[in-house]
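Here's a quick briefing to read alongside the model. Have a look at the structure first, then go through the points below.

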Amino acid sequence: MVNIPLDDKYTLISDSMNYIIEETKVIQDGDKKGETYKTVYGYYSTVEAALKGFKELKIRTSDAKSIEELLEISKETDKKIEKILGGI
């Protein structure tokens, strides 16, 4: 099955039916403080759709304060995706 890190926080995985974006989170308090766990961000039918979802996720969760900042995040994410795909 697919298991590709997209960045330090998100991973693209798959099962027999879907491509899945998982987010790795760290427990902040309690007995298990510092341990990591994963949550599902979304399920996608194609790799292309999953990568578009990743791009939207990066844009929507950004701290951008202007259109220029959003466009820069979009371009940076496109470069990450291109690097992941190996220039395909």
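Let's start with a serine: Ser-74 counts as buried, because its relative accessibility is 14% and the cut-off for buried is under 20%. Keep in mind that this is a predicted model. Ser-74 sits in helix H2, and leaving aside residues up to four places away in sequence, Ser-74 touches Lys-55 and Ile-59. Those two partners bring us to the helix pair.

**Helix packing**

- Helix H1 (residues 47-60) packs against helix H2 (residues 67-85) at an angle of about 145 degrees, and the axes are 9 Å apart.
- The crossing of H1 past H2 is right-handed.
- On the H1 side, the contact is made by Leu-51, Phe-54, Lys-55, Lys-58 and Ile-59.
- H2 brings Leu-70, Ile-73, Ser-74, Thr-77, Asp-78, Lys-80, Ile-81 and Leu-85 to that contact.
- Sorted by class, the H1 contact with H2 has 7 nonpolar, 2 polar and 4 charged residues.

**The nonpolar core**

- What makes up the largest nonpolar core? It has 10 residues in all: Leu-6, Tyr-10, Leu-12, Ile-21, Tyr-44, Ala-50, Leu-51, Phe-54, Leu-57 and Ile-81.
- Strand S2 (10-14) and H1 are the elements that give two or more residues to this core.
- H1 gives the most, with 4 residues.
- As general background, nonpolar side chains in soluble globular proteins tend to be buried together.

**The aromatic pair**

- How many aromatic pairs does a search of the whole structure find? The search turns up 1.
- The ring centres of Tyr-10 and Phe-54 are 6.2 Å apart and the planes are at 70 degrees, so this pair is edge-to-face.
- Tyr-10 belongs to strand S2 and Phe-54 to helix H1, so the pair ties together parts that are 44 residues apart in sequence.
- Buried or exposed? Both Tyr-10 and Phe-54 are buried.

- Not counting residues up to four places away in sequence, Thr-11 touches Asn-3, Ile-4, Pro-5, Leu-6, Ile-20, Ile-21 and Glu-22.
- Leu-12, with residues up to four places away in sequence again not counted, touches Val-2, Asn-3, Ile-4, Leu-6, Tyr-19, Ile-20, Ile-21 and Ala-50.

Conventions. Residues numbered from 1 in each chain as written. Predicted model: local features only at pLDDT ≥ 70, side-chain atom pairs only at ≥ 80, totals over all residues. Heavy atoms only, no water. Axes fitted to C-alpha atoms, helices over the stretch in contact; angles between N-to-C directions. Left-handed = near helix turned anticlockwise from the far one by under 90°. Contact = heavy atoms within 4.5 Å. Nonpolar A, V, L, I, M, F, W, Y, C, P; charged D, E, K, R; others polar. Core = buried A, V, L, I, M, F, W, Y, C linked by side-chain atoms within 4.5 Å. Buried < 20%, exposed > 50% of the residue type's maximum accessible area, 1.4 Å probe, protein only. Phe/Tyr/Trp six-rings, centres within 6.5 Å; stacked < 30°, edge-to-face > 60°.
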